[in-house]
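Please look at the sequence and model first.

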Amino acid sequence: MASIDLKNQQILQELARNGRISNLELADRVGLSPSACLRRVQELERSGIISGYRAVLNPAAMGVGFVAYIGVGLGEHTKTAQEGFEKAVQLAPEVVECHNITGTIEYLLRVECADLSAYKTFHTDVLGTLPHVTSITSYVVMGSPKDLRA
């Protein structure tokens, strides 16, 4: 595994801000030669610390005007119930994140839809029809002053 020393931390911070930065610019920003910087980035990739690169999409430009986090409780705490729920949300394009969590509910979802009407359809026709779902609590996103997801 690659060591995460100060230079590697700086490299990771710069790549998290802009994954398309050139190696020359990255090297300049972190104070390394381009060849040393490239070796470090390649080692971070090989070791799995950098697992990939993504495009940051503009939801509004894609017709997404409604975002909500949804807490979902299941009536059964069995492997079958969890697998069934997880399979169902994999098939729902509105669900962009699904996290199995601890606490009073089993799952936290991030859902993106065109508008409130589309969300209501998803809530009723998808989540509302899943057999083990016993509670659905919606938290509508009104703004995101800090969002570091890539």
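Which side chains meet in a salt bridge at 3.0 Å, N to O? Those of Glu-14 and Arg-29 do. A salt bridge here is a side-chain nitrogen of Lys or Arg within 4 Å of a carboxyl oxygen of Asp or Glu.

The model is predicted: local features need pLDDT of at least 70, side-chain atom pairs count only at pLDDT 80 or more, and totals for chains, interfaces and linings use all residues. Residues are numbered from 1 along each chain as its sequence is written, and side-chain values use heavy atoms, leaving out hydrogens and water.

The Glu-14 and Arg-29 pair links distant parts of the chain, 15 residues apart. Glu-14 sits in helix 1 (residues 6–17), Arg-29 in helix 2 (residues 23–30). Helices are DSSP runs of H or I, at least four residues, and strands are runs of E, at least two, numbered from the N terminus.

Arg-29 also forms a salt bridge with Glu-25. These two are 4 residues apart in helix 2, about one helical turn. Glu-14, Arg-17, Glu-25 and Arg-29 are linked in a network of salt bridges. Elsewhere, Glu-43 and Arg-46 both lie in helix 3 (residues 34–46), 3 residues apart.

| Salt bridge | N to O distance |
|---|---|
| Glu-14 and Arg-29 | 3.0 Å |
| Arg-29 and Glu-25 | 2.7 Å |
| Glu-43 and Arg-46 | 3.3 Å |

The whole structure holds 7 salt bridges. Glu-14 is buried, at 13% relative accessibility. Arg-46 is exposed, at 61%. Buried means under 20% relative accessible area and exposed over 50%, with partly exposed in between (1.4 Å probe, protein chains only).
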